[in-house]
Amino acid sequence: MTTIDTKNTIDSILHEERSFPPPSEFVKHASINSTQALDALYQSASNNHETFWASLARKEIDWHRDFNNTLDASNAPHYRWFYDGTLNISYNCLDRHLADRADKTAIIFEGERGDVQRLSYQELYHAVCRFANALKIHGIGCGDRVVLYMPMVPEAVIAMQACARIGAIHSVVFGGFSAAALKSRIEDAAAKAVITADGGYRGGKIIALKAACDEAMAEGCASVDTVFVLKRTGADIAMKAGRDVYWHDAIKPASDDCPPEWLNSEHPLFLLYTSGSTGAPKGIQHSSAGYLLGTIVTMKWVFDAQDSDIYWCTADVGWITGHSYVAYGPLALGMTLFMYEGAPTVPDAGRFWKLCQDHNITVFYTAPTAIRALMKAGDNFPDAYDLSSLRLLGSVGEPINPEAWLWYHRVIGKQRCPIVDTWWQTETGAHVIAPIPGVIATKPGSCTRPLPGMDVAVVDEKGNEIKQANQGGYLVIKKPWPFMLRTIWGDDKRYCETYWQRFNNKYYVAGDSARRDEDGYYWIMGRIDDVLNVSGHRLGTMEIESALVANDKVAEAAVVGRPDALTGEAIFAYVVLKGERPAGGIDKALTTELQQWVSKQIGPIAKPKEIRYADNLPKTRSGKIMRRLLRAIASGETITQDTSTLENEAILEQLQGKQ
Ligand code: WTA
């Protein structure tokens with residue numbers, strides 16, 4: 001059994017900032033595996049930003065009509081890329097592979113109950129064409145919005161590709177969202193159709209998607225004419241005559257050939273709603289050509305995509321990761337994509353590792369929250385499976401704390417697989433800061449360096465670039481990039497305000513704070529609104545969390561600021577222990593121990609003033625910690641926030657110290 005000498009290793013990492021060179025076995029087969037090759041890419045990007053992207057666009061995309069103009073910046077901060085070219089994304093993901101890989105497996109799917117399905121590129125092509133024709137039969141055309149509320153099954157990807165084929169704009173709503181959230185998204189986009197299922201399997205249960213759809217549409221949603229319903233579980237559901245149609249009935253009259261609609265480069269491919277720090281979720285709008293290019297180049301650079309790969313990204317299609325790195329990027333490259341419908345812990349915490357073994361997964365991409373949960377379950381789960389097919393591991397969504405990084409590296413990757421920690425956002429469309437794994441040495445907790453063509457900087461309050469190492473500031477992107485968001489659907493003013501106004505339209509403001517170390521490596525410190533100021537010192541909540549989690553006894557931690565008369569803000573930590581929660585959620589001796597621990601890891605200034613122990617942390621169904629809620633609790637405010645999206649509402653009492 002593999003074990004980690006946690007204490008010594010973490011100490012050495014935090015104090016020496018150890019770096020891990022690319023494993024030699026990996027480097028041998030990597031497509032970018034020399035400093036010279038990487039330097040040439042960086043050089044070409046810095047010589048001429050536009051020419052760099054234009055030549056990649058010509059190389060990687062099959063155009064219907066080539067473009068003459070690369071970048072139109074005349075209406076900044078609204079940028080257009082390759083804007084007089086025409087293309088079709090579904091054509092680039094399917095048709096262009098039929099000549100040489102029609103029989104290659106495009107999708108391997110496994111359901112939570114173990115059912116397996118395989119689709120070749122030829123079969124996927126016909127399935128997409130048929131559903132695209134079904135959409136057309138029901139009056140859906142170019143520019144119409146279509147909402148998807150689907151389980152993680154191949155038909156979710158088929159539906160997205162079908163929309164792309166006819167130029168309909170999809171908006172995928174994560175299946176874990178409530179009826180109310182679905183309703184507001186349908187209405188904001190004025191969707192003409194909804195695509196859902198009679199249910200999906202997750203966590204041993206059936207998720208009643210159709211019932212939630214019916215509830216969402218009971219009042220309002222007047223724009224919806226058709227609801228397509230995929231039969232997945234066979235559950236008894238209500239079908240509304242004249243509106244609802246089963247997927248299998250809808251495709252009956254549809255031909256399995258559907259010529260692609262040739263669309264302008266800037267045609268919106270999709271909207272994806274994401275939370276901001278305030279207000280209602282924003283419909284992030286992405287383009288066609290620029291977006292596709294981003295998914296392709298990052299698949300190649302960061303995942304070292306190869307024809308022989310069996311690639312698995314665990315993200316649901318309801319998130320941006322499930323768009324760029326499930327539904328589009330891998331298919332655009334003609335890869336074999338693995339999809340899994342269910343929860344990582346069904347029937348037990350070995351499921352992911354069993355899937356890796358059974359399907360010979362080579363590239364595995366997941367989130368730190370999943371890694372930590374599986375790490376907590378113990379090494380005997382991964383140790384029971386043969387993980388030798390894996391060659392590359394990825395992480396996304398939040399900074400990965402060094403302890404989880406090391407566990408991933410040793411217990412899953414057996415020290416043979418580079419870990420690519422990828423920093424990006426719904427808004428950026430694809431990876432922005434991430435290692436090129438055959439060349440760049442990694443450091444646990446750092447997403448390393450900006451990719452070629454990504455002009456990233458850390459700036460101070462005034463917008464001046466911070467050159468000094470390890471000084472935190474605003475993370476910004478200085479030049480437009482092809483796969484950037486185009487606007488917020490129906491609220492362009494908010495687009496300008498949220499991302500551009502802070503520094504007078506000069507930079508894209510990511511909303512994260514970061515620092516750059518002596519080697520030019522980026523360390524994400526947290527959202528700007530999660531940066532604490534304690535006695536005039538700037539501290540990232542995530543840094544403190546990472547230090548807490550590095551302690552042997554701690555499984556998970558969330559840190560927030562609480563107003564403090566003396567220090568401005570005080571640090572308040574919620575901690576989930578690996579062992580039992582102390583009675584009443586308080587343990588003075590352990591608190592002193594952890595305070596000293598953090599003090600040793602970062603400095604006395606980072607010491608939490610108070611620690612409260614809970615059985616778990618309040619998270620949204622997508623796994624993000626609800627920090628605003630924790631801040632309210634820490635400050636003793638009454639909770640006015642909607643807590644209905646919590647995985648476990650009962651946890652509130654514990655967090656409030658009432659139990
Ligand atoms: C955070 C997910 C540190 C960050 C693709 C960002 C990360 C937000 C990382 C976007 C990472 C994402 N290291 N932080 N590797 N990846 N984040 O829109 O705060 O769901 O701004 O996109 O997640 O979240 P989103």
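A polar contact here is a pair of N or O atoms within 3.5 Å; within protein, one must be able to donate a hydrogen and the other to accept it, and residues adjacent in sequence count only if both atoms are side-chain atoms. Keep in mind that this is a predicted model, where local features need pLDDT of at least 70, side-chain atom pairs count only at pLDDT 80 or more, and totals for chains, interfaces and linings use all residues. Residues are numbered from 1 along each chain as its sequence is written, and side-chain values use heavy atoms, with hydrogens and water left out.

| Residue | Protein atom | Ligand atom | Distance |
|---|---|---|---|
| Asp512 | polar side-chain atom | oxygen | 3.0 Å |
| Glu398 | polar backbone atom | nitrogen | 3.5 Å |
| Pro399 | backbone N or O atom | nitrogen | 3.5 Å |

On its own the ligand exposes 520 Å², and the protein buries 91% of that (accessible areas by Shrake-Rupley with a 1.4 Å probe). Helix H13 (320-332), strand S20 (419-422) and strand S25 (522-527) each give two or more residues to the shell; helices (H or I, at least four residues) and strands (E, at least two) are DSSP runs, numbered from the N terminus.

S25 also turns up in an open antiparallel sheet of four strands, ordered S21-S22-S24-S25. Strands count as paired if DSSP finds at least two bridges between them. S21 (456-459) and S25 are the edge strands, each pairing on one side only. S21 pairs with S22 (residues 473-477) over four bridges, antiparallel, and Ala457 sits opposite Val476 in S22.
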